[in-house]
Amino acid sequence: MAEVTQLIHHYLRHNKKFPHVLCPGCGHGIVLGSLVRSIHQLGLTKDEVVLVAGIGCSGRIAVYTDFNTVHTTHGRALTFATGIKMANPGLKVIVIMGDGDALSIGGNHFIHAARRNIGVTALILNNNIYGMTGGQSSSTTPQDSVSMTTPFGQMEKSFDIVELAKAAGAHYVARSTVLHVKLLDRIIVTALERPGFNLVEALTPCHTQFGRKNKFKTVVDMYKWYKKNALPLDALAKLPEAQRNARVPIGIFVQEEAHSLEDRYVMLRSRLQEGAS
Amino acid sequence: MTKKKELTEVFIYPDWCKGCGICVAFCPSQVLELGPDGKARVIKGKECVNCGFCEYHCPDFAIVVKTKPLLKNYANHAQQGQKAQPQK
């Protein structure tokens, strides 16, 4: 297995300071490894891939990898990616966002990118909190959990990214946790192969800002929580209904074929050119 | 299940290890432990069953599990791995 996992060193920028800045046990590093393995498996060269990242801990991933990378403003990663994809449809555009980045400040861009079916792969690293800025509650912080800005428990209901993307019309929606890394590899590879807007949600633990305040003594406890509660869709269907609510479904939720925005743009252009001649 | 013991060797790069303990907690054969410096170290390398969990789940890329034939001629194998990559 060494030859697979050590591939990462072909794709890292070794002039950056290593080990990376992420906290011990942070799942973002696992997602970085998974992303690199997926890109390598597809045989894409470094010049064919564009990583667009927003602001947050997840934004650091783009800094460490040696693809074409853009580190954009908070919440606007999808808009930059839309521009890149429309200008050069031959590129593989991957957008790395955190949950606060994608759903709070960039929520509008997110639903409209899904509606338009623009050909980018959105990789949302959901750690349930604003980790980098000091642990403020985000729109995915579970109800009743404690954060820096909600010391007596979060009053609001949280977003379910998968349900939101389904409702907004995304044609590929999948979720995995960083513990289920083989599944994560598989869904990232499928997402990169497909045209149109593909959403991959990776659940990653944030022990420093979220776990410590919510009765997880160590980061390992958060991984054990994933092991206990994350269930593939078919296994979840076998459970009695009363037990389903506490579980986190993982797997591929939606997989449909549809023309992407840049394909429809080419079709429209050729149709108009035929009409003119 | 028959264990294929001693076919692998677990390496840890202490400079990159942050001591999160994921590998120690989830290793099925308890090969690793956290040392006094707070970093993972190999205690029972012979027990490794080459499941690859620690390698895939190390957020800091600090663990490598090398198989023995690979150890003998690691450079050669790395080259072959690159050739096997699909051509565009």
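**Exercise 1.** Find S176(A) in the predicted model: in which strand does it lie, and is it buried or exposed?

*Solution.* Start with the secondary structure: S176(A) belongs to strand β7 of chain A, which covers residues 172-177. Next, look at its surface. The relative accessible area of S176(A) is 0%, and buried means under 20%, so S176(A) counts as buried. Finally, list its neighbours. Leaving out residues up to four places away in sequence, S176(A) touches L183(A), L184(A), I187(A), E201(A), A202(A), L203(A) and I250(A).

**Exercise 2.** Now try Q154(A): where is it found, and why does it count as buried?

*Solution.* First, the place: Q154(A) sits in the loop that runs between β6 (136-137) and α8 (161-168) of chain A. Second, the number: Q154(A) counts as buried because its relative accessibility is 4%. Third, the contacts: again skipping residues up to four places away in sequence, Q154(A) touches S137(A), S138(A), T141(A), P142(A), Q143(A), D144(A) and S145(A).

**Exercise 3.** Work out which residues of helix α7 of chain A are buried and what they pack against.

*Solution.* Go along residues 107-116 and pick out the buried ones: G107(A), F110(A), A113(A) and A114(A). Then look down the axis of α7(A): these buried residues fall within an arc of 130°, so they line one face of the helix. Now see what they pack against: α5 (77-87), α6 (99-105), β4 (120-126), α8 and β8 (198-203) of chain A.

**Exercise 4.** Step back to chain A as a whole: how many helices and strands does it have?

*Solution.* Count them up and you get 14 helices and ten strands. Chain A has a radius of gyration of 19 Å, close to the 19 Å that the globule rule gives for 277 residues, so it is as compact as a globular protein of that length. For burial, 55% of the 277 residues in chain A are buried. As for contacts between residues at least 6 apart in sequence, 67% of those in chain A join residues at least 24 apart.

Definitions and conventions
Residues are numbered from 1 along each chain as its sequence is written. Chains are lettered from A and ligands numbered from 1 in the order in which they are written. This is a predicted model: local features need pLDDT of at least 70, side-chain atom pairs count only at pLDDT 80 or more; totals for chains, interfaces and linings use all residues. Side-chain values use heavy atoms; hydrogens and water are left out. Helices (H or I, at least four residues) and strands (E, at least two) are DSSP runs, numbered from the N terminus. Buried means under 20% relative accessible area, exposed over 50%, partly exposed in between (1.4 Å probe, protein chains only). Contact means heavy atoms within 4.5 Å. The arc is that of the directions from the helix axis to the C-beta atoms. The radius of gyration is taken over C-alpha atoms; the globule rule is 2.2 Å times the number of residues to the power 0.38.
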